[in-house]
Amino acid sequence: AHNELYWCDMSPKATKPSFKAMRWKQWRLAGYQNAWHLFDIEADPREEHDLAEVHPEIVQDMEKRWEAWRATLGPMGQVNSSGGQFPKGYGWATASE
């Protein structure tokens, strides 16, 4: 099992992700509509109650983790050093040197 799971969805011509998210412990942080939204998915599996204002310290910590993870990704549509092609638009890619 993973301690953390990350999501990043970029459209092919986007300059920033249209949807971003992270799962850590019972928390899911989701970024959309230009804001972060925090959910306790054990207590609220349907994600109906945004707890971002109740737990700003958790949002801040998870946002830092997400940004650090995002920095490890190569630019979408670019060729990596091994000669492989990163997916254009939607998909997963991790840059390694």
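Guide: What follows is a walk across the sheet, strand by strand, and then on to its neighbours.

Bear in mind that this is a predicted model. Start with the whole. The protein has 1 helix and 4 strands. Along the sequence they follow the pattern β-β-β-β-α. Of the 97 residues, 31% count as buried.

Now the sheet. The 4 strands make an open sheet in the order E1-E2-E3-E4, with antiparallel pairing. Strand E1 (4-9) and strand E4 (35-40) stand at the edges; each has a single partner strand, so one side of each is left without a neighbour in the sheet. From one strand to the next, the twist averages 10 degrees. As background, strands of a sheet pair through backbone hydrogen bonds, either parallel or antiparallel.

E1 pairs with E2 in the antiparallel sense, over 6 bridges. Tyr 6 has Met 22 in E2 as its bridge partner. Cys 8 has Lys 20 in E2.

Look just ahead of this strand too. His 2 sits in the segment before E1. Is His 2 buried or exposed? His 2 counts as exposed, at 66% relative accessibility.

Step across to the next pair. E2 and E3 run antiparallel and are joined by 5 bridges. Lys 20 turns up again here, opposite Gly 31 in E3. The hairpin of E2 and E3 has 2 residues between the strands. In that hairpin, Lys 25 takes a positive phi near 55 degrees.

Phe 19 lies in strand E2 (residues 19-24) and Tyr 32 in strand E3 (residues 27-32), so the pair ties together parts that are 13 residues apart in sequence. Why is the pair of Phe 19 and Tyr 32 called stacked? The ring centres are 6.3 Å apart and the planes of Phe 19 and Tyr 32 meet at 20 degrees, so the pair is stacked. The cut-off for that label is planes under 30 degrees apart. Phe 19 is partly exposed, with a relative accessible area of 24%. Tyr 32 is partly exposed as well, at 29%.

E3 and E4 run antiparallel, joined by 6 bridges. Ala 30 stands opposite His 37 in E4. The hairpin of E3 and E4 has 2 residues between the strands, and Gln 33 there takes a positive phi near 55 degrees. E4 is mostly covered, with 5 of its 6 residues buried.

What packs on the sheet? Helix H1 (residues 56-70) does, touching E1, E2, E3 and E4. The direction of H1 makes about 115 degrees with that of E2.

Next comes the nonpolar core. In soluble globular proteins, nonpolar side chains tend to be buried together. Here the largest nonpolar core has 15 residues. Leu 38, Met 62 and Trp 66 have the most contacts inside it. E1, E2, E3, E4 and H1 each supply at least two residues of this core. The largest share, 5 residues, comes from H1.

Together with Tyr 6, Trp 36 and Trp 69, Trp 66 forms one aromatic cluster. The structure holds 4 aromatic pairs. Lys 20, the bridge partner of Cys 8, lies over the face of Trp 66, at 5.1 Å from the ring centre. Another charge sits over another ring. The charged end of Arg 65 is placed over the ring of Trp 24, 4.5 Å from its centre.

Finish with the contacts across the chain. Take those with a separation of 6 or more: residues 24 or more positions apart account for 30% of them.

To trace it yourself, follow the order E1-E2-E3-E4, then turn to H1, which packs on the sheet.

Terms used. Residues numbered from 1 in each chain as written. Predicted model: local features only at pLDDT ≥ 70, side-chain atom pairs only at ≥ 80, totals over all residues. Heavy atoms only, no water. Phe/Tyr/Trp six-rings, centres within 6.5 Å; stacked < 30°, edge-to-face > 60°. Buried < 20%, exposed > 50% of the residue type's maximum accessible area, 1.4 Å probe, protein only. Lys NZ or Arg CZ within 6 Å of the ring centre and 35° of its normal. Pairing = 2+ DSSP bridges. Axes fitted to C-alpha atoms, helices over the stretch in contact; angles between N-to-C directions. Contact = heavy atoms within 4.5 Å. Core = buried A, V, L, I, M, F, W, Y, C linked by side-chain atoms within 4.5 Å.
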